[in-house]
Amino acid sequence: MAEKVLVTGGAGFIGSTLIRQFIEETDTSIINVDKLTYAGNLSSLGLGVERLPTYIFLQVDICDDNALKQVFIEHQPDAVMHLAAESHVDRSIDGPSAFIETNIFGTYKLLQATRTYWSALPAQRKDSFRFHHISTDEVFGSLSAEGLFSEDTAYDPRSPYAASKAASDHLVRSWHATYGLPVVITNCSNNYGAYQFPEKLIPLVTLAALADKPLPIYGDGQNVRDWLYVDDHCRALRLVLEKAKVGETYNIGGRNEKSNLEVVETICAILDEIHPRSDRKPYNTQITFVSDRPGHDRRYAIDASKLERELGWKPLETFESGLRKTVEWYLNNAAWCDDIKTGRYLGERLGLVP
């Protein structure tokens with residue numbers, strides 16, 4: 001296990017979960033580099049984390065190569081886990097430029113800074129160093145009713161977000177092939193869990209239900225995603241960093257294919273049980289079908305058998321157990337939700353092409 005890990009995007013949803021795991025379960029020192037865009041929230045790291053000797057936060061934009069260079073010089077990491085990214089498909093439709101800048105140009109800047117640093121390391125540290133790039137299954141495009149995404153699936157991105165992540169994947173592989181940078185790549189399915197920014201489906205629907213607002217379903221609600229509990233994902237990321245061979249790619253999925261309508265119906269059923277409406281009507285009466293998202297991929301599904309077979313990973317949560325924990329967390333953390341929404345996102349519809 002690397003003694004000191006530089007995590008980009010560590011104030012985001014997946015990044016903060018990963019850092020909490022490192023802090024709670026290991027002695028690894030963490031350098032959290034985050035620009036603190038609208039979706040970043042340092043409170044997601046937990047109270048008192050800033051006082052820990054094994055944790056440091058640096059507000060740095062990964063597009064700033066001089067700042068990145070200084071981070072490497074001062075803190076001398078043994079590995080980089082790159083999670084910093086613009087990540088919401090609907091926002092990429094409204095404003096693709098931020099996705100091109102952060103996900104492509106920012107990844108390039110980080111690769112260059114890492115390469116410069118890594119090239120100067122002593123032989124033993126150079127051999128053990130890793131650059132772990134965390135990506136998405138959206139780079140593969142859309143599946144029909146059958147089949148799964150494997151590590152060999154051809155790329156077919158269909159949104160500005162997916163295209164920007166596909167480009168960043170290719171950049172990382174090319175820095176390995178051309179310069180020898182020791183990289184590993186993971187592509188994950190849809191994450192859910194505590195501390196997720198409420199523009200995403202599960203927190204958006206949960207909070208809208210509690211506020212007695214309509215629960216919007218795009219199109220016919222039959223678009224399918226493979227759902228992965230964020231804590232299971234982060235356990236996989238740590239395992240890949242520790243054990244994966246240089247140059248390898250691993251898909252991470254929860255084997256939980258659910259249509260969007262199924263997800264929303266399940267959230268409603270959980271709320272009916274643990275937090276019924278005052279009028280005793282079922283929450284699914286709030287479901288409203290709205291116009292579909294442009295270019296909405298029909299189905300994603302991950303084949304994670306390589307990760308399971310080679311590194312021994314298995315998810316600990318089922319979709320049902322993970323979703324219940326998630327809904328309960330949002331019920332019990334209204335202050336966090338109110339704080340992160342204030343002035344940043346009020347539940348409005350995004351991604352509508354004029």
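**A buried arginine, a covered helix and aromatic pairs**

With a relative accessibility of 12%, R238 counts as buried, because the cut-off for that class is under 20%. The model is a predicted one. R238 belongs to helix α8, which spans residues 230-243. Its side chain is joined to that of E25 by a polar contact of 3.0 Å. Apart from neighbours within four places in sequence, the residues in contact with R238 are M1, L18, Q21, F22, E25 and T26.

Helix α7, residues 201-210, is mostly covered, with eight of its ten residues buried. The buried residues of α7 are I202, P203, L204, V205, T206, L207, A208 and A209. After α7 comes D212, which has a positive phi near 60°.

Across the whole structure, 18 aromatic pairs are found. In one of them, the ring centres of F149 and Y300 are 6.0 Å apart and the planes meet at 45°, so this pair is tilted. F149 lies in the loop between β5 (130-136) and α6 (160-179), while Y300 lies in the loop between β12 (287-290) and α10 (305-311); the pair therefore ties together parts that are 151 residues apart in sequence. F149 is buried, at a relative accessible area of 1%, and Y300 likewise counts as buried at 1% relative accessibility.

One aromatic cluster is formed by F105, Y108, W175 and Y179. Y179 also takes part in a contact with a charge: the charged end of R115 sits over its ring, 3.7 Å from the centre. In a further such arrangement, the charged end of R91 sits over the ring of Y38, at 3.9 Å from the ring centre.

Definitions and conventions. Residues numbered from 1 in each chain as written. Predicted model: local features only at pLDDT ≥ 70, side-chain atom pairs only at ≥ 80, totals over all residues. Heavy atoms only, no water. Helix = DSSP H or I, 4+ residues; strand = E, 2+ residues; numbered from the N terminus. Buried < 20%, exposed > 50% of the residue type's maximum accessible area, 1.4 Å probe, protein only. Polar contact = N/O pair within 3.5 Å; in protein donor to acceptor, adjacent residues only side chain to side chain. Contact = heavy atoms within 4.5 Å. Phe/Tyr/Trp six-rings, centres within 6.5 Å; stacked < 30°, edge-to-face > 60°. Lys NZ or Arg CZ within 6 Å of the ring centre and 35° of its normal.
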